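These are some notes for a colleague who is meeting this structure for the first time. Please read them with the sequence and the model side by side.

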Amino acid sequence: MSATIINGKELAQELKLSMKEEVTELKNEGLTPHLTVIIVGDNPASKSYVRGKQKACSETGISSDVIELPTSTTENDLLHLIKELNDNPTVHGILVQLPLPDHISEKQITVAIDPTKDVDGFHPVNIGRMMTGEDTFFPCTPYGIITMLKSKDIQIEGKHAVVIGRSNIVGKPIGQLLLNENATVTYCHSKTKDIKEYTAKADILIVAIGKPNVIKEGDIKNNSIIVDVGINRLEDGSLTGDVDFDSVKEKASYLTPVPRGVGPMTITMLLKNTIKAAKGLSEK
Ligand SMILES: Nc1nc(=O)c2c([nH]1)NC[C@@H]1CN(c3ccc(C(=O)N[C@@H](CCC(=O)O)C(=O)O)cc3)C=[N+]21
C-alpha cells in the first residue's frame, strides 16, 4: 500500500477560505487584523518567504506591512522600532524575519516583542505557556504539522513520535506539542549515537535535519507517519525535503511532500495567530 500524501498546500487553501470569512466578520465589527513584518538585510530566501506571507495575508483580508531595513541597522535601532510597534494599538502581530545579521542578537529581539503580539510564538513567555499546556501562540511550523495530522484524523495519543532536530523553532516545539497530545516523544540530534535505532521504531517521524533526502525506506517503520520539515534547494534550483520521498512512499502510511507540504502550512498558521492576536488585543 502506498502512503496517503498530506497536501499542505490544499489544506492551507481550505483554512485560508474559512479564515477569510472570519476576517470579513471582524472587519464588519470594526476590527482589521494587522501584521507587521520586519526584514533586515537582503537575503533572497528571506525576501521570498516574506513575499509569501504578504500574499497569504492579502488572500485572507488581513492587512500587513513590511518594514525593510538595511544590514547596517543596529540592534538598538531595531529595539526602538519594536517598542514603537508594541505601543501601536493598530498593530496586532509583529514578526521579525530570521535569520538576523550577526551583529544583532536574535535572543534580545525575540524577548523585546510584546508576548501578546508574538505571532511567531518564539517569546520565552509563550514557550513557557506551551510547555505547561496553556493556550498561547504556538510556533507556526509545529502548529502547522499538528494541524496536518489532525486534518487526517491521525491519532497521536499513545504513539511513539521521534523528532530528528532540536532547533528552537521546529524540533523542540514540535516535540512539546506532540507530548501535549499524549505521544511518547524521543528527540534525536547530531550527537545521537545511532539515529536509525530510533527512526526504525517511530510511529510518527518528524524530520528537521536540513540535509536533502537523508531518510530512506530502510530507516523507517512499516506504516509509519512521516513528516518532512526540510526545505533544500538543489543545484538545479528544485526544492527537496530531508526525506527521500520516492524511497519511503510505499512503506509509510502517511507522508508530507516538499514542496506543498509543511511550508505552506507554516504561513497559514501565522495568519491564524495574527487573527488570534487581533481578537485577544481587542478583548483587553
Ligand atoms: N521569524 C520567522 N518566522 C518564520 O516562520 C520563518 C522565518 N523567520 N525564517 C525562515 C523560515 C522559513 N519559513 C518558511 C515559510 C514558508 C515556506 C513555504 O511556503 N515553502 C513552499 C515553497 C516555497 C518556495 O518555492 O521557495 C513549500 O514548501 O511548498 C517555507 C519556509 C518561515 N520561516
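Predicted model: local features only at pLDDT ≥ 70, side-chain atom pairs only at ≥ 80, totals over all residues.

UniProt positions are given here in the numbering used for this chain, with feature names shortened, and such annotations may be inferred rather than shown by experiment.

1. Annotated regions. The UniProt record, an unreviewed entry, places the feature "domain: Tetrahydrofolate dehydrogenase/cyclohydrolase catalytic" at residues 6-120. In the model, the chain over residues 6-120 is 50% helix and 16% strand, and the C-alpha atoms at its ends are 23 Å apart. A further UniProt annotation, also from an unreviewed entry, is "domain: Tetrahydrofolate dehydrogenase/cyclohydrolase NAD(P)-binding", and it covers residues 139-279. For residues 139-279 the content is 35% helix and 17% strand, with the end C-alpha atoms lying 18 Å apart.

2. An open sheet of 3 strands runs in the order 3-2-4, and its pairing is parallel. Its edge strands are strand 3 (63-69) and strand 4, each of which pairs on one side only, and the twist from one strand to the next averages 15°. Strand 2 (residues 34-40) is joined to strand 3 by 7 bridges, the two running parallel, and Thr-36 has Asp-65 in strand 3 as its bridge partner.

3. Helices against that sheet. Helix 2 lies across strand 2 and strand 3, and it runs at about 170° to strand 2. Helix 3 (residues 75-87) also packs on the sheet, where it touches strand 2, strand 3 and strand 4, and its direction makes about 175° with that of strand 2.

4. Which residues come nearest to the ligand? Of the 19 residues around it, these are Leu-98, Pro-259, Arg-260, Gly-263 and Thr-266. By class, the shell around the ligand holds 11 nonpolar, 6 polar and 2 charged residues. Helix 2 (44-60), strand 4 (93-96) and helix 10 (262-283) each supply at least two residues of this shell, and the largest share, 4 residues, comes from helix 10.

5. The position of the ligand shell. Why can the shell around the ligand be said to lie between domain 1 and domain 2? Both domain 1 (29-121) and domain 2 (140-263) give residues to the shell, and therefore it lies between them.

6. Backbone features worth checking. Most residues other than glycine have a negative phi, and most peptide bonds are trans. Against that background, the peptide bond from Leu-98 to Pro-99 is cis, with omega near 0°, and Pro-99 is found in the loop between strand 4 and helix 4 (106-112). A cis peptide bond also joins Val-258 and Pro-259, with omega about -5°, and Pro-259 lies in the loop between strand 11 (254-255) and helix 10. Finally, Asp-153 is a residue other than glycine with a positive phi, near 55°, and its place is in the loop between helix 6 (140-151) and strand 5.

Technical notes:
Residues numbered from 1 in each chain as written. Near = placed C-beta within 6 Å. Nonpolar A, V, L, I, M, F, W, Y, C, P; charged D, E, K, R; others polar. Domains from an automatic or database assignment. Pairing = 2+ DSSP bridges. Axes fitted to C-alpha atoms, helices over the stretch in contact; angles between N-to-C directions. Contact = placed C-beta atoms within 7 Å.
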